[in-house]
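Student: Could you walk me through reading helix packing, aromatic pairs and buried residues in a model like this one?

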Amino acid sequence: MDEKRQDAHNECGSNASSHEDTDAIQQQKPEETPQGTRSSEDRGKSALTRVPEELRRTTSNVLTQVASRMTTRTWPEPPPPPDGGIEAWTQVATGWLVIFTTWGWVNSFGAFQTYYEATLPQSPSAISFIGSVEIWFTLIVSTISGRLLDAGLFLPTFLVGAIIQVIGMFLMSISNQYWSLMLTQGVLTGIGGGIFFTPSLALVATYFSKRRGLAIGLATTGNSAGGIVYPIVVRQLIPKLGFGWTARVLAFINLGCLSVVLAFMRPRLPPRKSGPLIDFSAFREPVYDGFVVGLFTLMMANYFSFYYIASFGTKALGMPYSTASIMVILINGAGLPFRVIPPLLADRIGPINVIVPVACIWAIVAFCWLAVDSIPGLYVFTCFYGIASGSFQCLIATAVASITKRLDHVGTRLGMAFSIVSFASLAGPPIGGAIQGAQGGRFTGAQVWAAVMTMIAFVCFVAVRVRMAGWNPRIKC
């Protein structure tokens, strides 16, 4: 009996609800006119109403498609790198040419330093400022150019940088005064190289994961190769062709190399349009801060040594220019095979685990410069310093990538690190030269300063390693 009452109650509720819905619908529906009695005016108004409605829908669809094509959103996580293959290794080969034409060119300034000291009235410290400005622009521009890779603008960025660098080298060939060399060799070639260097190196890193250290290590051998080729060209051609045509030959070398890079180097990751030019969150990470501080102090000492090694031979040991310029070739060439061995170890045990002992060895070698008092001793020191420098520099990009969580942020963070380090390279050689000048031309004070800076860098890298993994040597980092 109760069940029947319940069913009846439910049915009534359902009917009541149905009637309420029907009434609501009837209230909302407009009064209908019989088909036969609708006027032509009403039908015209109805047709005009339908046309704008369809037009609005079509316009909305078109705008949506256009906006989806114009707006490139960041993927939640970039696709995994191929870690090999023809395309990936092609990027390594073109990256080699990029570093050959940028840092190989920059590191060969020691050959120009010695030549300019013999032909220009300025002091050695003022002359070294040309090379320092060149490095500074190469690195400071990285803040912008590294972000342009992440934004998907690699090819136009590379083209602009290559044009500026090559034009600077051709204009350098007609420069015979300090100010003109500063503008051409220092400013123009520095800006041009800085525009395309960091995006290219970061691009290579995005193609590899397990073998990233090896890939970047092979690419950075272009640094040593350029440091050999450019000084040899300068040493051989200046006595025969003069400074002007020697500079033009160097410009044609860069023009050919960069043309090949433009033809084959291509980015892999989708563009990341959104995001700041500077990733300030990186500075809240103690590991990143410690690594950048260590890199800063190390590069101050490194470029002083590279620029003044030939000058030390001529002034402290009495070597002729032709023989002293060999030191620039040697300090670059000695590190060539060692730009491959540390990256192989880094792929197995982690880049930071390799950087710490390499920095320790480098600091020891830097202090050994104080004991050099003969030409054979200078040859030995130059070889070991080149080995230590090459072993470390090939790990910089790999280390920054390893402490960066997302691959599509590597270009930005690498550019930030290089931009900060640019001030070290700008100040290092002039500071060392000023210390030398204050001591009446003796190198002892500058040598001590460079060695201490290297030791401070080693301490910073130890702190980074402890922060990441403690004192346990078995942890990969």
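This is a predicted model: local features need pLDDT of at least 70, side-chain atom pairs count only at pLDDT 80 or more; totals for chains, interfaces and linings use all residues.

Student: What describes two packed helices?

Tutor: Two packed helices are described by the angle between their axes and the distance between the axes. Axes are lines fitted to C-alpha atoms, for helices over the stretch in contact, and angles run from 0 to 180 degrees between N-to-C directions. Helices themselves are DSSP runs (H or I, at least four residues), numbered from the N terminus. Here, helix 4 (residues 109-119) packs on helix 11 (residues 286-316) at about 45°, and their axes are 7 Å apart. That makes helix 4 oblique to helix 11; angles under 35 degrees count as roughly parallel, over 145 as roughly antiparallel, 65 to 115 as roughly perpendicular and the rest as oblique.

Student: Which residues of helix 4 and helix 11 make the contact?

Tutor: With contact meaning heavy atoms within 4.5 Å, helix 4 contributes Phe109, Gly110, Gln113, Thr114 and Glu117. From helix 11 come Phe306, Tyr307, Tyr308, Ala310, Ser311, Thr314 and Lys315. By class, this contact of helix 4 with helix 11 has five nonpolar, five polar and two charged residues. Ala, Val, Leu, Ile, Met, Phe, Trp, Tyr, Cys and Pro count as nonpolar, Asp, Glu, Lys and Arg as charged, and the others, Gly among them, as polar.

Student: At what angle do helix 3 and helix 9 pack?

Tutor: Helix 3 and helix 9 (residues 212-241) pack at about 35°, with axes 6 Å apart. The residues of the contact of helix 3 with helix 9 divide into 14 nonpolar, 10 polar and no charged.

Student: How do I read a pair of aromatic rings?

Tutor: A pair of aromatic rings is described by the distance of the centres and the angle of the planes. Rings of Phe, Tyr and Trp (its six-membered ring) pair if their centres lie within 6.5 Å; planes under 30 degrees apart count as stacked, over 60 as edge-to-face and the rest as tilted. The structure holds 35 aromatic pairs. In one of them, the rings of Trp103 and Phe197 have centres 5.5 Å apart and planes at 80°, so the pair is edge-to-face. Trp103 lies in helix 3 (residues 86-107) and Phe197 in helix 8 (residues 178-205), so the pair ties together parts that are 94 residues apart in sequence. Phe154 and Phe158 form a tilted pair, with 5.9 Å centre to centre and 35° between the planes. These two are four residues apart in helix 7 (residues 154-172), which means about one helical turn separates Phe154 and Phe158.

Student: Is Val92 buried or exposed?

Tutor: Buried means under 20% relative accessible area, exposed over 50%, partly exposed in between (1.4 Å probe, protein chains only). Val92, found in helix 3, is buried, with a relative accessible area of 6%. Not counting residues up to four places away in sequence, Val92 touches Val204, Phe208, Ala215, Leu218 and Ala219. Val92 and Ala215 are 123 residues apart in sequence, yet 6.2 Å apart in space, C-alpha to C-alpha.

Student: Where is Gly84 placed?

Tutor: Gly84 sits in the loop between helix 2 (40-70) and helix 3. Gly84 is buried, with a relative accessible area of 15%. Leaving aside neighbours within four places in sequence, Gly84 is in contact with Trp89, Tyr207, Phe208 and Arg211.

Terms used. Residues are numbered from 1 along each chain as its sequence is written. Side-chain values use heavy atoms; hydrogens and water are left out.
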